[in-house]
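Here is a briefing on one protein structure.

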Amino acid sequence: MARDAIRFWRNGQPIEVSGFHPRTTLLDYIRLQERRVGTKEGCAEGDCGACTVALGRVRGGRVHYEPINACILLLGQVDGTEVVTVEDLAKGGELHPVQSAMVAHHGSQCGFCTPGIVMSLFTLYQEAGRPLDRERINDALAGNLCRCTGYRPIVDAALDACTSAPHDAFSQANATTARSLDELADGQDVFIGSDTSFFAAPASEASLAALYARHPDATLVAGCTDVGLWITKGMVELEKIIWLGRVAGLDWIEDGSDALTIGATVTHAQAFSSLESIDPDLGELMRRFGSAQVRASGTVGGNIANGSPIGDLAPALIALGSTLELRQGENTRVIPLHNFFIAYRKQDRLPGEFVRRVTVPKLTAHEAFRAYKVSKRFDEDISAVMGAFKFTLDGRRIAEARIAFGGMAGIPKRATETEAALVGVSLDDPSTWGEAMAAIARDYQPLDDHRASAAYRATVARNLVSKALSETASGETRATRIIGQREALEAAE
Ligand SMILES: Cc1cc2nc3c(=O)[nH]c(=O)nc-3n(C[C@H](O)[C@H](O)[C@H](O)COP(=O)(O)OP(=O)(O)OC[C@H]3O[C@@H](n4cnc5c(N)ncnc54)[C@H](O)[C@@H]3O)c2cc1C
Ligand code: FES
Ligand code: FES
């Protein structure tokens, strides 16, 4: 029998909710049903952070708190977690340390963004190593827009609040809360609603495969950072939702000697350090992927399955030679990742089939990798162009090249003409690079939209070929990058 309610932890109490519409967001539940209106709604699309709350989830025996955009998280997705909102932080009439620091440093003016900022700082307070530096705080605040105070006093408040290890009601209750959350993890399927309108959260791959086979018209939801916008902005009336977040076995990373295997529901935050260990450029890409809130919900599988032509992970993983495993009913199949993308928003996925995992080969001693995200803003922006390059070297010559771009076609796509033109090219002789740079024009007819014109994208892609070659030739990035130089990143490890 499936459970017909979700259960979560709230302010030291277990909560059970049933009978809600599958599209109900966490923000609507908090504001309209709990009537706790400290959590604000600004953009309703994951960009401004006004709706940030913290979710506590047990990982490795303790509760970890992550920031979440409640506007694009479905209520059903909080099953098994602790939900913390800004009203919960002050205890016994005393402000939480991050709230006191915000007051002391004048970190708020109109106050609209403040609850969201406080919640992001709360998760930083709980999770970040000490000592904290400004860059780490800036990364944590990339998903919180403040229009009137400016970030300097907010960053000062964060530095002040996080001078020593966390010592608040939440850190002191961590072990107790972890036990309470463990008790909620009953391994049962969840099914709320009827055959025509439901929120379902299968607990095993077998249940998922069977349910999806019965309802191939249902919408799969992983982190909901894409699907959430179909609901809040597209007004799409999704009636059947299957959430993958409780499926055992889809959330694992297997770190083998020559490849990483990443389960479909592994979040970007979880995948971050494993991907970074393959190459610093993947770490830099993940640091700039959305915001802390988006990385805490959004998944590797969702980013691939969504098939967006401007998604960031697909080009990088294609260049690395990744394979994708899919499952339909009892059948599984493995395909090269680049074959998954057929045409604009059309993927090689059968009815009732889901993405199971992606396997990413690690680099060998003779391989060099570079990935570049080009966007209007450094933080929280979708790429205009995303280029990824893997060169297999034979001494100072290129023996093989794998290149993929996002933003250059209706799908994430390999640059096969450019790859062929690079074979045999000498890293020491830039006069031989021109043909490969010109080949980009044969590989792509770039998108032309409000993010970037086709001409701009074509020029950027061509220049990125040259940048990847010159960085590989010189082995350094000091002259070619302002931020995120590989030498500095490697030294910091
Ligand atoms: C503010 C903001 C910033 C963003 N920034 C970036 C960015 O910098 N770079 C970038 O690439 N993207 C970005 N995104 C887009 C989005 O966050 C990512 O694409 C994310 O990885 C989607 O994952 P998800 O788990 O949230 O997918 P969901 O929204 O849950 O699902 C997306 C699609 O994939 C399908 N799906 C999900 N999992 C599976 C599965 N296992 N099998 C089959 N189908 C599945 C769903 O049905 C849906 O069609 C941003 C989004 C927001 C809101
Ligand atoms: S309301 Fe803007 S991120 Fe949720
Ligand atoms: S204090 Fe007004 S938006 Fe931040």
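Alanine 44 sits in the loop between helix H1 (26-33) and strand E3 (52-59). In this predicted model, phi of alanine 44 is near 60°, a positive value in a residue other than glycine. Most residues other than glycine have a negative phi, and most peptide bonds are trans.

**Backbone geometry**

- A cis peptide bond runs from arginine 130 to proline 131.
- Its omega is near -5°.
- Proline 131 belongs to the loop between H3 and H4.

**Helix crossing: H4 and H5**

- Helix H4 covers residues 134-141, and helix H5 covers residues 152-161.
- The axes of H4 and H5 come within 10 Å and cross at roughly 115°.
- The crossing of H4 past H5 is right-handed.
- On the H4 side, the contact uses Arg134, Ile137, Asn138 and Leu141.
- On the H5 side, the contact uses Ile154, Val155, Asp156, Ala158 and Leu159.
- By class, this contact between H4 and H5 holds six nonpolar, one polar and two charged residues.

**Aromatic pairs**

- The whole structure contains twelve aromatic pairs.
- One pair joins phenylalanine 122 and phenylalanine 170, with ring centres 5.0 Å apart.
- The planes of phenylalanine 122 and phenylalanine 170 stand at 75°, so the pair is edge-to-face.
- This pair links distant parts of the chain, 48 residues apart.
- Phenylalanine 122 lies in helix H3 (residues 114-127), while phenylalanine 170 lies in helix H6 (residues 169-172).

**Second largest pocket**

- The second largest pocket has a volume of about 1,100 Å³.
- Its lining has 34 residues.
- Closest to the pocket centre are Arg136, Asp139, Phe272, Arg287 and Arg295.
- Elements that each supply at least two lining residues are E4, H3, H4, helix H10 (268-278), helix H11 (280-287), H12 and helix H19 (486-492).
- H10 gives the largest share of this lining, five residues.
- The lining of the second largest pocket divides into 14 nonpolar, eight polar and twelve charged residues.

**Largest cavity**

- Rolling a probe the size of a water molecule over the atoms shows where empty space is left.
- The structure has two cavities of 30 Å³ or more.
- The largest cavity has a volume of about 40 Å³.
- What lines the largest cavity? The residues are Asp139, Ala142, Arg287, Arg288, Gly290, Ser291, Arg295, Asp379 and Glu380.
- By class, the lining of the largest cavity has six charged, two polar and one nonpolar residues.

**Second largest cavity**

- The second largest cavity holds about 30 Å³ of space.
- Ile68, Asn69, Ile72, Thr225, Gln293, Val294 and Ser297 form its lining.
- Strand E4 (62-69) and helix H12 (292-297) are the elements that give two or more residues to this lining.
- H12 gives the most, with three residues.

Methods. Residues numbered from 1 in each chain as written. Chains lettered and ligands numbered in written order. Predicted model: local features only at pLDDT ≥ 70, side-chain atom pairs only at ≥ 80, totals over all residues. Heavy atoms only, no water. 1 Å grid on protein atoms, 1.4 Å probe; cavity = no way out; pocket = protein on both sides within 12 Å on 5 of 7 lines; lining within 4 Å. Points joined across faces, edges and corners; volume = space filled by probe spheres on them. Nonpolar A, V, L, I, M, F, W, Y, C, P; charged D, E, K, R; others polar. Helix = DSSP H or I, 4+ residues; strand = E, 2+ residues; numbered from the N terminus. Axes fitted to C-alpha atoms, helices over the stretch in contact; angles between N-to-C directions. Left-handed = near helix turned anticlockwise from the far one by under 90°. Contact = heavy atoms within 4.5 Å. Phe/Tyr/Trp six-rings, centres within 6.5 Å; stacked < 30°, edge-to-face > 60°.
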